[in-house]
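Hi there,

Here is the structure I promised to send over. Have a look at it first, and then read on for my notes.

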Amino acid sequence: MQKIYLDHSATTPLDSQVLKKMQPYLTDIFGNASSVHSFGQGAMKGVDWAREQLSQLFGCKFKEIIFTSGATESNNLVLQGLLAAFRKNNEQSAAAKAAADKGKFHIITSQIEHPAILEPCQELVKQGLAEVTYVGVNKLGLVNLPEIKKAIKANTILVSIMYVNNEVGTIQPIKEIGRMIEKVNKERSKKYETENKKFGVFDRVYFHIDAVQAVNYCEMRADFLKADLMTISGHKIYGPKGVGALYIRENTPLKSVTFGGHQEYNVRPGTYNVAGIVGLGAAVELVNNQSPITNDQILKLRNKLIACLKKKIPNIQLNGDLENRVPSNANISFKNAEGESMLLMLDLEDIAVSTGSACASGSLEPSHVLRAMGIPADICHASLRFTLGKGTTKKEIDKVIEILPKIVARLRQMSPLKK
Ligand SMILES: *Cc1c(COP(=O)(O)O)cnc(C)c1O
């Protein structure tokens, strides 16, 4: 039997149709998309085609999309670029005036974000440029809307909440958060109406969604979600690694944080990664044309995995909300069996899972997501994340259901913690 891959939230295999679309841009169509001659134009055609696919996904204009090197860069650009734009506009916006007291703008995010949000936030705080509120989650891993609303202050410029959590798969109430922020902005614009007339639409709370894990499963139209900024990544949706994108609503102030070229509307300079961008476009095209049956199949297999493991293994718990959850994710704690040991023993059986996020593995710290959900440290350490993909088969799930109970039993027998 072939190796079994159940770590699709870490990365996905490249879809063969995506590879086919990319191939000419790695060989014949090698021009620099910014060149004026036909070689350049050929390459730019690929970039434009990809932009078209993404504008369909977000339901947005062509020019509201920029390509980046991945979601980590997109997230950094949002946090640093928005802050830089507000700082440049100092003294003009009402938020700037409110911030002027302490010289800091305010950002709201959640405790369960990906490190690609949390760490740039920590960096901005360290540099003395921003203050950040990290809202918590309930025991099912969902943020609380009133808590976000309560955290908004006069100097708040950004709310950044992930759409789907990468460890427990919970779908956050994004649409509701978007509507709440819109309401807040309406009240704000009334309050500062005369001032803001002078300075345009600058003075608002902007809403960013790290939507990396949502693309395959959730509504992505920016207008519907009331999003100003949305981040996606190629390699989480059967596209290539090292390419991502950022949706930026027209008139959103975002200052470039890298310099050296005019590409991507002066916001993200650098030579186009043409093949990568075409690959991202092709991956998004697959999403745009996806039949709902694919996700139904994933859901069925995931539910079978949970149900059968629960039946065969005592003392286990599913982490996160079963309702508001993407179909691909099962995060399960096996009391008194160590996560890392289970992972290694499964790997010996050619089954690949993870203990949390790929970025956190290798560290002995328990998952910050599970901790934020109030799960005790020993249960966090006993957790495995299974993430299924469109290629996952019933046979593969059956094999996991057959093998894992034996592994857990063996580990529990050896555990000094056993009852
Ligand atoms: C994987 C991931 C990222 C980072 O994406 P890269 O393209 O690998 O930089 C950011 N946010 C979430 C939620 C992710 O799952």
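Let me start with the cavity, since two domains meet there: the lining of the largest cavity takes at least three residues from domain 1 (16–288) and at least three from domain 2 (292–414). Please keep in mind that this is a predicted model.

How much space lies in the largest cavity? The value comes to about 140 Å³. The count of cavities of 30 Å³ or more is one. Its lining is made up of 21 residues, and those nearest the centre are His8, Ser9, Gln213, Tyr217 and Ser328. By type, the lining of the largest cavity has nine nonpolar residues, eleven polar ones and one charged one.

Next, have a look at strand 3 (residues 105–110). Are its residues buried or exposed? Six of its six residues are buried, so the strand is mostly covered, taking buried as under 20% relative accessible area. In a regular strand, side chains alternate between the two faces of the sheet. Here both faces are covered: Phe105, Ile107 and Thr109 are buried on one side, and His106, Ile108 and Ser110 are buried on the other.

Strand 3 has these pairings to look at. With strand 4 (residues 130–135), strand 3 pairs in the parallel sense over six bridges, and serine 110 stands opposite valine 135 of strand 4. To get from strand 3 to strand 4, the chain passes through helix 5 (residues 115–126), in a β-α-β crossover that is right-handed. With strand 5 (residues 156–162), strand 3 also pairs in the parallel sense, over four bridges. There, isoleucine 107 has leucine 158 as its bridge partner.

Finally, a word on backbone angles. Most residues other than glycine have a negative phi.

- Tyrosine 238 has a positive phi, near 70°. This residue sits in the loop between strand 7 (229–233) and strand 8 (244–248), and it is buried, with a relative accessible area of 7%.
- Glutamate 264 is not a glycine either, yet its phi is positive, at about 55°. Glutamate 264 lies in the loop between strand 8 and helix 10 (274–288). Why does glutamate 264 count as buried? Its relative accessible area is 4%, and buried means under 20%.

Best wishes

Notes:
Residues are numbered from 1 along each chain as its sequence is written. This is a predicted model: local features need pLDDT of at least 70, side-chain atom pairs count only at pLDDT 80 or more; totals for chains, interfaces and linings use all residues. Side-chain values use heavy atoms; hydrogens and water are left out. Buried means under 20% relative accessible area, exposed over 50%, partly exposed in between (1.4 Å probe, protein chains only). Helices (H or I, at least four residues) and strands (E, at least two) are DSSP runs, numbered from the N terminus. Two strands pair if DSSP finds at least two bridges between them. A crossover is right-handed if, with the strands pointing away from the viewer, the path from the first strand over the helix to the second runs clockwise. On a 1 Å grid over the protein atoms alone, a cavity is a set of points where a 1.4 Å probe fits but cannot get out, and a pocket is an open set with protein on both sides within 12 Å along at least five of seven lines; lining residues have an atom within 4 Å of a point. Grid points are joined across faces, edges and corners, and a volume is the space filled by probe spheres set on the points. Ala, Val, Leu, Ile, Met, Phe, Trp, Tyr, Cys and Pro count as nonpolar, Asp, Glu, Lys and Arg as charged, and the others, Gly among them, as polar. Domain bounds come from an automatic or database domain assignment.
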